[in-house]
Amino acid sequence: MRPPYLLLDIDGVLIPFPNADGSTPATHARHDVVPTGRSAVNPVTVWLDPAHGPMLMDVIRAGLVAPVWCTSWRQDAATLIGPLLDLPALPYVDLPRPQITTSHPNGYLWKRDHVDAWLRDAPAVWIDDDFTSLDHAWAAERTAKGTPTLLVQPGPHLGLQPEHLAEVTTWVTQLPVARAA
């Protein structure tokens with residue numbers, strides 16, 4: 001049986017948001033990248049923790065999840081961010097570019113309806129920093145209906161931590177499909 005998807009966000013998960021004083025974690029290194037459609041004379045500065053690549057690779061190599069980018073970076077996640085972390089090319093959810101002024105236009109994360117349609121009835125772990133209580137209720141409802149769904153929510157100023165991936169591994173290994181495989 002197919003392992004659950006591991007949906008990975010970038011902003012607030014791999015790229016922390018600056019603190020009020022503009023600082024980012026000392027563990028993160030500066031990189032300038034040029035996203036699709038942007039001029040090379042106007043790159044975007046991102047801060048990435050080089051430890052994230054090996055941490056994610058440990059989970060990926062275990063074969064318990066099928067990693068997929070789930071981010072507004074879309075294909076740039078695979079071509080710009082992943083290589084900076086020494087991650088292999090990963091597929092991505094081709095999210096739309098909605099004209100919204102908040103990430104929760106309906107009270108829940110704007111990506112959720114698209115992710116729900118993309119996942120269909122596949123089990124998933126979704127790591128994102130921007131879930132609301134309605135997103136957690138959605139995950140609980142999917143799980144209650146027989147589609148295991150775990151939401152992992154790092155703090156947006158710290159991002160992904162080892163305990164988040166430990167939670168993923170523990171959850172996945174407790175799934176009936178993981179034990180049968």
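Trainee: Which residues on the other side of α4 are exposed?
Mentor: S133 and A144. Exposed means over 50% relative accessible area. The model is predicted, by the way.

Trainee: Which residues of α4 are buried?
Mentor: D135, W138, A139 and R142. Buried means under 20% relative accessible area.

Trainee: What do the buried residues of α4 pack against?
Mentor: Against α3 (112-119), β5 (124-127) and β6 (149-152). Contact here means heavy atoms within 4.5 Å.

Trainee: How do you know that the span of α4 is close to the expected one?
Mentor: Helix α4 covers residues 133-144, which is 12 residues. From first C-alpha to last, α4 reaches 16 Å. The expected span, at 1.5 Å a residue, is 16 Å.

Trainee: What comes just after α4?
Mentor: G146, with a positive phi of about 100°.

Trainee: Now α3. Why is R112 called buried?
Mentor: R112 has a relative accessible area of 11%. The cut-off for buried is under 20%. Therefore R112 counts as buried. R112 belongs to helix α3.

Trainee: What does R112 touch, beyond residues up to four places away in sequence?
Mentor: W126, L134, D135 and W138.

Trainee: Why is D76 called buried?
Mentor: The relative accessible area of D76 is 8%. Buried needs under 20%. So D76 qualifies. D76 sits in helix α2, residues 75-84.

Trainee: Which residues does D76 contact, leaving aside neighbours within four places in sequence?
Mentor: P35, T36 and I81.

Trainee: Which other residues of α2 are buried, and what covers them?
Mentor: Besides D76, the buried residues of α2 are A77, A78, L80, I81 and G82. Their cover includes β2, β3 and β4 (66-69).

Trainee: What makes D86 stand out?
Mentor: Its phi. D86 has a positive value near 60°, in a residue other than glycine. D86 follows α2 and lies in the loop between α2 and α3.

Trainee: Is D86 buried or exposed?
Mentor: Exposed. D86 has a relative accessible area of 68%, and the cut-off is over 50%.

Trainee: What about R120 and its phi?
Mentor: R120 is not a glycine, but its phi is positive, about 55°. R120 is in the loop between α3 and β5. Its relative accessible area is 67%, so R120 is exposed by the over 50% cut-off.

Trainee: Why is R38 called partly exposed?
Mentor: The relative accessible area of R38 is 38%. Buried needs under 20%, exposed over 50%. The value for R38 falls in between, so the term is partly exposed. R38 is in the loop between β2 (29-33) and β3 (44-48). Setting aside residues up to four places away in sequence, R38 touches P43 and V44.

Trainee: Which residues line the second largest pocket?
Mentor: R38 and D76 are among them, and so are P35, T36 and V44. This pocket holds about 160 Å³ of space. Its lining divides into three nonpolar, three polar and four charged residues.

Trainee: And what is the volume of the largest pocket?
Mentor: About 210 Å³. Its lining has four nonpolar, two polar and six charged residues. Among the lining residues are D9, D11, K111, D128, D129 and D130.

Trainee: Last one. What makes helix α1 mostly covered?
Mentor: The count. Seven of the 10 residues of α1 are buried, including H52, M55 and L56. The buried residues of α1 pack against β1 (5-8), β4 and α5 (162-173). After α1 comes G63, with a positive phi near 75°.

Technical notes:
Residues numbered from 1 in each chain as written. Predicted model: local features only at pLDDT ≥ 70, side-chain atom pairs only at ≥ 80, totals over all residues. Heavy atoms only, no water. Helix = DSSP H or I, 4+ residues; strand = E, 2+ residues; numbered from the N terminus. Expected span 1.5 Å × (residues − 1). Buried < 20%, exposed > 50% of the residue type's maximum accessible area, 1.4 Å probe, protein only. 1 Å grid on protein atoms, 1.4 Å probe; cavity = no way out; pocket = protein on both sides within 12 Å on 5 of 7 lines; lining within 4 Å. Points joined across faces, edges and corners; volume = space filled by probe spheres on them. Nonpolar A, V, L, I, M, F, W, Y, C, P; charged D, E, K, R; others polar.
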